[in-house]
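The sequence and the structure are shown first.

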Amino acid sequence: MKITITVEDPTPEALEKLLALAAMSCAVVTAVPDDHWTPERARSYYDRLPPRAQQILLQVVEGQGECSAEELKADGRSLRGSTGAFRRVLTEGKRTGLWPEALPVPLVSHIVSGQLKKLEMPGYGTDHYLYPAFEDGLHDLLAR
């Protein structure tokens with residue numbers, strides 16, 4: 001049996017009491033902030049993307065969190081319409097309760113003079129960097 005409890009904006013005292021209560025019955029408790037990607041969330045997200053968006057996400061992960069638009073468009077591949085799937089799938093997952101509302105979009109576009117230059121995972125250099133969760137969650141799909 002799995003029980004999921006969502007606590008929005010808990011005070012440190014409330015969170016401490018909740019974790020102490022959960023620990024009383026020798027339960028295994030894992031607290032995952034609702035604004036962090038986990039490997040499980042990353043894989044679930046990937047599995048819901050359309051095929052071209054899956055390819056793009058894998059290329060970004062293989063590029064250690066970023067990929068130029070030119071690389072993504074290699075072999076005549078288009079990006080038209082593909083990048084919109086990243087936000088659409090995330091929004092749908094939040095709406096259905098699959099993922100928490102605070103979860104950030106995993107890829108951001110860098111546009112210069114109206115041209116897409118690259119896609120990257122936000123948060124580089126912080127504890128919110130998404131790449132490690134996606135690398136772990138998609139490790140079996142990565143071409144190495």
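## Order of elements

Along the sequence, the elements follow the pattern α-α-α-β-α-α-β-β-α. The chain holds six helices and three strands; helices (H or I, at least four residues) and strands (E, at least two) are DSSP runs, numbered from the N terminus.

The model is predicted: local features need pLDDT of at least 70, side-chain atom pairs count only at pLDDT 80 or more, and totals for chains, interfaces and linings use all residues. Residues are numbered from 1 along each chain as its sequence is written, and side-chain values use heavy atoms, with hydrogens and water left out.

## Burial and contacts in the chain

Of the 144 residues of the chain, 31% count as buried. Buried means under 20% relative accessible area, exposed means over 50%, and partly exposed lies in between (1.4 Å probe, protein chains only).

Contact is defined as heavy atoms within 4.5 Å. Among contacts between residues at least 6 apart in sequence, 60% join residues at least 24 apart.

## Packing of H2 and H3

Helix H2 (residues 39-48) packs with helix H3 (residues 51-62) at an angle of about 140°, and their axes lie 8 Å apart. That angle makes H2 oblique to H3. Axes are lines fitted to C-alpha atoms, for helices over the stretch in contact, and angles run from 0 to 180 degrees between N-to-C directions. Angles under 35 degrees count as roughly parallel, over 145 as roughly antiparallel, 65 to 115 as roughly perpendicular, and the rest as oblique.

H2 contributes Tyr45, Tyr46 and Asp47 to the contact, and H3 contributes Gln54, Leu57 and Leu58. By class, the contact comprises four nonpolar residues, one polar and one charged. Ala, Val, Leu, Ile, Met, Phe, Trp, Tyr, Cys and Pro count as nonpolar, Asp, Glu, Lys and Arg as charged, and the others, Gly among them, as polar.

## Lys94 in H5

Lys94 belongs to helix H5 (residues 84-95). Lys94 is buried yet has no salt bridge, a term for a side-chain nitrogen of Lys or Arg within 4 Å of a carboxyl oxygen of Asp or Glu. The nearest side chain of opposite charge, Glu101, is 5.1 Å away; Lys and Arg count as positive and Asp and Glu as negative, while His and the chain ends are not counted.

Leaving aside neighbours within four places in sequence, Lys94 is in contact with Trp99, Pro100, Glu101 and Leu103.

## Positive phi in two loops

Gln64, in the loop between H3 and strand E1 (66-68), has a positive phi near 60° although it is not glycine. Gln64 is exposed, at 57% relative accessible area.

Ser113 is found in the loop between strand E2 (108-112) and strand E3 (115-120). Phi of Ser113 is also positive, near 50°, in a residue other than glycine, and Ser113 counts as exposed at 73% relative accessibility.
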